[in-house]
Amino acid sequence: SRMSRRSFLGLAGGLATLAAGGGGVALLFRRPAAVAADGRVSVTDLRGPDGPAPGGITRRHTLTARTAAVPLPSGGSVDAWTYEGQLPGPAITAMEGDLIEVTLRNVDIADGVTVHWHGYDVPCGEDGAPGVTQHAVTPGGEFVYRFRADQVGTYWYHTHQASHPAVRRGLYGTLVVRPRTGQELEELDLTLPVHTFDNTTILGDRAGRTIHVVRPGALVRLRLINTDSTPHRFALTGVTFRVAAVDGRDLHRPGEVREIGLRLPAGGRYDVVLAMPDTPVALLLDNDGNDGVLLRPAGYIGDDPAPPDVGDWPELDLLRYGEPVTAPFDVDHADRRFTIVLDRALATVDGRPTFAQTVDRRGYPSIPDHVVAEGDIVRFTVVNRSLETHPWHLHGHPVLVLSRDGTRSSGSPLWVDTFDVRPGEVWDVAFRADNPGIWMNHCHNLPHQEQGMMLRLAYE
Ligand code: C2O
Ligand code: CU
């Protein structure tokens, strides 16, 4: 990884001179936080509130980052980088309106560590982007994050410092916020992050199948979270279900579906809701009959069915799922428009021409910022000219999907924070610039991000 971090720095154009002075990597990430190159915004002032909303409470957590040998149920253990010595890190849950206060400490992660709240639109100073919103926390150091749980839904957190390989090695966990009132809560509510570690895929906190006994008729919510760098495919057998939410945001009137595959982009989340039938239900991962979740009806005495071959089930098209409602803003009159072209292209790395994952044939941070003003409606087009999928992720703002390859979204408004731009595709999205600061905008295939497939959205 030293090699690849050097490459990452090499793409940094103007920062190459810092690298030449020695300790270049450290300088890159310890650059005074919060100051855009041209000093536009001071992000460190953009911090969360001190207390919860009326009726809420303060939820305090400590995330101590350290290396640990974590045992796997499948036998053996993995040399992980962890929050609190566990894989995944502690599950953070809150009710809408609570204040979440997390103290991050670093024991021995030499590269430094942060916490980024993936998909959660926190004030910019809480966003955990090293070198932009804060300094990475080095061994012995500490940083306190504070933000209101004002978005209901399924999210996750991970370090943003040297994310590849640090996330893959285990620096991730889940964040779930439940509504305070007005919504019936499911009887069984499972948070299921999928993560691949040294060729072992973990769903939730274990490898292999987990079994839950469920009362027939009970409502069940499965929160699927992809913490890997490539997509996973889920299938739910033996039941009709709804995808109630994508990336934490509820869909409008999602219909019941069955025998359909769910392709979950890197970084993305689906909330799947079903009513438990009186026969078993299996959640299968990547068409592998050995892992996933089995829901067994209480009192059921039959055999668990063999998993069917779900490999040829069609894939749910979220651009045509659910029912439309009027967009909250007029996307045809955008105040700003940006287009980026993603490609594996020749870039200058360590002074030598090298193929790298690029944006407009450049690598971070030598890609010009996208500059917006607060209140702007921003139209953003992503063109993938490469042969690989790029899960595009914007911090601090959900984006509304307008179209994919010219086909307009015709289902429920689809608000996402990560969208999979497959080879050759063009995605058109829009968002409201309502969260001032400087935000990372990057490919969530983390090795691609490390090669420079990242830029910044900066408020003027
Ligand atoms: Cu999930 Cu920039 O990150
Ligand atoms: Cu990519």
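A nonpolar core is a set of buried Ala, Val, Leu, Ile, Met, Phe, Trp, Tyr and Cys residues joined through C-beta atoms within 7 Å. A residue is buried if 20 or more other C-beta atoms lie within 10 Å of its own, exposed if 12 or fewer, and partly exposed in between, with C-beta atoms placed from the backbone. The views below show a predicted model, in which local features need pLDDT of at least 70 and side-chain atom pairs count only at pLDDT 80 or more, while totals for chains, interfaces and linings use all residues. Residues are numbered from 1 along each chain as its sequence is written, and chains are lettered from A and ligands numbered from 1 in the order in which they are written.

**View 1. The largest nonpolar core has 110 residues.** Phe234, Val399, Leu400, Val401, Val429 and Ala430 touch the most other members of this core. Apart from neighbours within four places in sequence, Val401 is in contact (C-beta atoms, placed from the backbone, within 7 Å) with Leu319, Ser409, Leu414, Val416, Phe419, Trp427 and Val429. In the chain of 460 residues, 46% are buried. Of the contacts between residues at least 6 apart in sequence, 75% join residues at least 24 apart.

**View 2. Domain 1 meets domain 2.** An automatic or database domain assignment gives domain 1 (32-178), domain 2 (188-316) and domain 3 (331-459). The C-alpha centres of domain 1 and domain 2 are 26 Å apart, and 20 residues of domain 1 are in contact with 21 residues of domain 2. On the side of domain 1 that touches domain 2, the elements giving two or more residues are strand S7 (153-158) and S8. S7 provides the largest share of that side, 5 residues. Helices (H or I, at least four residues) and strands (E, at least two) are DSSP runs, numbered from the N terminus; the chain has 5 helices and 31 strands.

**View 3. Four strands form an open sheet in the order S3-S8-S7-S5.** The pairing in this sheet is mixed, where two strands pair if DSSP finds at least two bridges between them. Strand S3 (92-95) and S5 are the edge strands, each pairing on one side only. From one strand to the next the twist averages 25°, with axes as lines fitted to C-alpha atoms, for helices over the stretch in contact, and angles running from 0 to 180 degrees between N-to-C directions. S3 pairs with strand S8 (residues 172-178) in the parallel sense over 4 bridges, and isoleucine 92 stands opposite leucine 175 in S8.

**View 4. Strand S9 (residues 188-197) pairs with strand S12 (residues 219-226) in the parallel sense.** These two strands share 7 bridges, with proline 193 opposite isoleucine 225 in S12. S9 also runs antiparallel to strand S10 (residues 200-203), joined by 4 bridges; threonine 196 has threonine 201 in S10 as its bridge partner. The hairpin of S9 and S10 has 2 residues between the strands, and aspartate 198 takes a positive phi near 45° there.

**View 5. Strand S20 (residues 336-349) and strand S21 (residues 352-359) form an antiparallel pair.** The pairing extends over 8 bridges, and valine 359 in S21 is the bridge partner of leucine 342. Between the strands of this hairpin there are 2 residues, and aspartate 350 takes a positive phi near 50°.

**View 6. Glycine 140 lies in the loop between strand S5 (116-118) and strand S6 (142-148).** Glycine 140 counts as exposed because it has 9 C-beta neighbours inside 10 Å. Its C-alpha atom is separated by 9.6 Å from that of isoleucine 109, 31 residues apart along the chain.

Technical notes
Two residues are in contact if their C-beta atoms, placed from the backbone, lie within 7 Å.
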